Amino acid sequence: MPRRSVSSSLRRGLTFWRRSVQARVVASTVLLSAIVVSVVGWFLLQQTRDGLVDARVERAVAEATDETAQAQIRLAALPGTDDDASTQLRQLADPILQRAEVRGFSVVLAGPVGDEPIDVATAGARYSTDLDLSSVPDSLSAHFNESLDPAWTFTTIRYIDGADTPDIAGVAVASAIQLPADGKFYTLYYLFPMQQEEDTLALVSRALLTAGGLLLVLVAGLTWLVTRQVVTPIRMARRTAERLAAGHLEERMWVRGHDDIARLATSFNQMASSLQRQIRQLEELSRVQRRFTSDVSHELRTPLTTVRMAGDVLHDARDEFDPVTARAAELLQTELDRFEGLLSDLLEISRFDAGAAALELDDINLIDVAHRVVDITRGLAEQRGMTVTVQALREPVLAEADTRRVERIVRNLVSNAIDHADSGPIVVIVNGDDHAAAIAVRDHGVGLAPGEAALVFNRFWRADPARARTSGGTGLGLAISLEDTHLHGGWLQAWGQPGQGAQFRLTLPRRAGQPLRHSPIPLVPDDVEA
């Protein structure tokens with residue numbers, strides 16, 4: 001499988017794991033259940049094994065003791081002479097070997113017991129057919145060099161080459177028996193296989209594994225069903241909330257029953273209904289406000305035109321008036337210009353609020369836009385004793401945009417800089433790359449206090465209400481500029497520090513509709529002191 005496919009599958013799996021509460025609950029429950037089942041199963045297997053082994057050892061020791069006792073009785077009935085020792089050994093071993101073959105265990109007769117350690121393989125032993133004498137543990141053989149008491153131990157029963165029976169675990173029981181013919185002690189080794197116990201233990205193990213596996217599957221199924229009853233309403237609530245967020249305010253959850261989940265769904269529906277009513281009220285209020293602003297702006301056009309005509313007549317004849325009246329005529333003309341600009345801005349804001357604003361896209365050079373705006377505002381800047389220059393870092397700087405709206409944005413930024421620059425030059429910086437184009441207006445005036453960079457684009461907001469508007473602005477210029485920028489899918493951002501001036505940056509995508517990821521001009525100027 002390709003590495004990319006494996007990585008993609010892994011990411012999908014991790015995403016599903018993070019998002020699915022049901023999967024995590026089921027996995028955690030199954031894991032904990034597996035640990036519990038494993039511990040309990042191991043404990044049961046140990047108890048079963050110990051019980052089987054103990055029972056087998058008891059039976060083996062009892063059977064070996066019984067065989068030795070019967071052999072001792074038979075030997076006691078025989079004449080005890082030295083000449084027939086071999087005969088007595090045969091009479092001792094043959095019955096035991098026959099019964100061992102019938103009963104399924106093995107026997108080894110070795111001896112006599114002397115001062116040297118007994119080597120079963122070289123002591124003239126008699127033993128069951130096909131038995132490998134290495135099955136008798138050395139520790140058990142060495143036991144009779146110190147004591148004649150019976151003993152037992154675990155061993156591995158092996159068979160000579162050619163036997164079909166594999167090596168199996170067993171119990172070795174040893175007893176010492178005295179031969180009447182020579183009065184010496186010989187050792188009898190009984191080897192009892194534990195094949196039946198191993199089969200039983202294997203059967204119990206398989207049963208436990210099967211039962212444990214079925215139990216885990218059952219636990220997983222039950223956990224899945226239980227969590228599904230809880231998670232399903234939550235998923236329904238999530239989908240309903242998503243549809244409500246998408247604007248489908250009539251969406252509601254299905255209520256079934258009277259339990260806690262049903263009560264949650266009822267509360268959710270009540271909350272959605274309340275939100276719907278409030279949103280409807282806000283939408284209606286917003287619509288009324290927009291309609292009021294639009295109607296007032298349009299209705300004021302007619303009286304404003306009349307007042308404008310009268311004001312123009314008075315302004316043209318101001319030279320014939322006394323100084324006070326002439327000054328009043330000039331003030332009237334200035335305020336009429338400002339009032340007319342305010343009406344235009346209000347109409348523009350109402351179009352944005354109504355969603356009726358549209359772009360007339362064209363390929364424009366932002367450097368040309370910057371030069372036109374500087375030419376328009378040069379007279380105002382000269383009145384304040386300032387200079388406004390254009391610094392193009394790349395030429396040309398092209399973007400697909402609405403020329404009128406972009407020029408209005410830059411004009412508002414430059415006029416705002418002239419109002420707040422106090423002294424020092426104003427620089428209009430233009431730069432672009434393959435993905436974005438930007439214009440920044442840098443001034444060295446009063447700057448912005450912390451937090452004001454997020455407020456400068458609010459309608460009618462002023463950092464210093466007592467400060468005069470040199471350019472005669474309406475307080476809506478930056479708000480309209482922000483709406484124009486959003487209409488282009490761009491960024492309009494501000495930076496400023498008290499005493500170090502401010503910089504406003506407009507960033508537009510090179511092509512309309514493309515997402516913005518960066519700006520070719522830094523928001524914080526390079527000349528700012530650290």
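Helix axes are lines fitted to C-alpha atoms over the stretch in contact, and angles between them run from 0 to 180 degrees between N-to-C directions. The model is a predicted one, in which local features need pLDDT of at least 70 and side-chain atom pairs count only at pLDDT 80 or more, while totals for chains, interfaces and linings use all residues. Residues are numbered from 1 along each chain as its sequence is written, and side-chain values use heavy atoms, with hydrogens and water left out.

The chain contains 10 helices and 12 strands; these are DSSP runs numbered from the N terminus, with helices (H or I) of at least four residues and strands (E) of at least two. Of its 530 residues, 36% are buried, where buried means under 20% relative accessible area, exposed over 50% and partly exposed in between, for a 1.4 Å probe and protein chains only. The accessible surface amounts to about 30700 Å², and carbon and sulfur atoms account for 56% of that area; the areas come from the Shrake-Rupley method with a 1.4 Å probe, and for residues only the protein chains shown count as cover. A contact means heavy atoms within 4.5 Å. Among contacts between residues at least 6 apart in sequence, 67% join residues at least 24 apart.

The helix pair α9 and α10 may be considered next. Two packed helices are described by the angle between their axes and the distance between the axes. The axes of α9 (residues 403-421) and α10 come within 9 Å and cross at roughly 145 degrees. The crossing of α9 past α10 is left-handed, meaning that the near helix is turned anticlockwise from the far one by less than a right angle, whereas clockwise would be right-handed. On the α9 side the contact includes V406, I409 and L413, and on the α10 side it includes L478, I480 and L487. The contact residues comprise six nonpolar, six polar and three charged; Ala, Val, Leu, Ile, Met, Phe, Trp, Tyr, Cys and Pro count as nonpolar, Asp, Glu, Lys and Arg as charged, and the others, Gly among them, as polar.

The aromatic rings give a further view. The structure holds six aromatic pairs, a pair being rings of Phe, Tyr or Trp (its six-membered ring) with centres within 6.5 Å; planes under 30 degrees apart count as stacked, over 60 as edge-to-face and the rest as tilted. Y190 and F192 are stacked, because their ring centres are 6.4 Å apart and their planes lie at 20 degrees. Both of these residues are buried, and together with F105 they form one aromatic cluster. The rings of F457 and F504 have centres 6.0 Å apart and planes at 80 degrees, so this pair is edge-to-face. The pair links distant parts of the chain, with F457 in the loop between β10 (436-443) and α10 (477-488) and F504 in strand β12 (residues 501-509), 47 residues apart. F457 is buried at a relative accessible area of 10%, and F504 is buried at 4%.

V374 counts as buried, with 4% relative accessibility. Setting aside neighbours within four places in sequence, V374 is in contact with V388, V390 and V428. R384 lies in the loop between α8 (366-383) and β7 and is partly exposed, with a relative accessible area of 27%. The C-alpha atoms of R384 and S423 are 8.1 Å apart in space, although the residues are 39 apart in sequence. Finally, the peptide bond from E395 to P396 is cis, with omega near -5 degrees, and P396 is found in the loop between β7 (388-392) and β8 (398-402).
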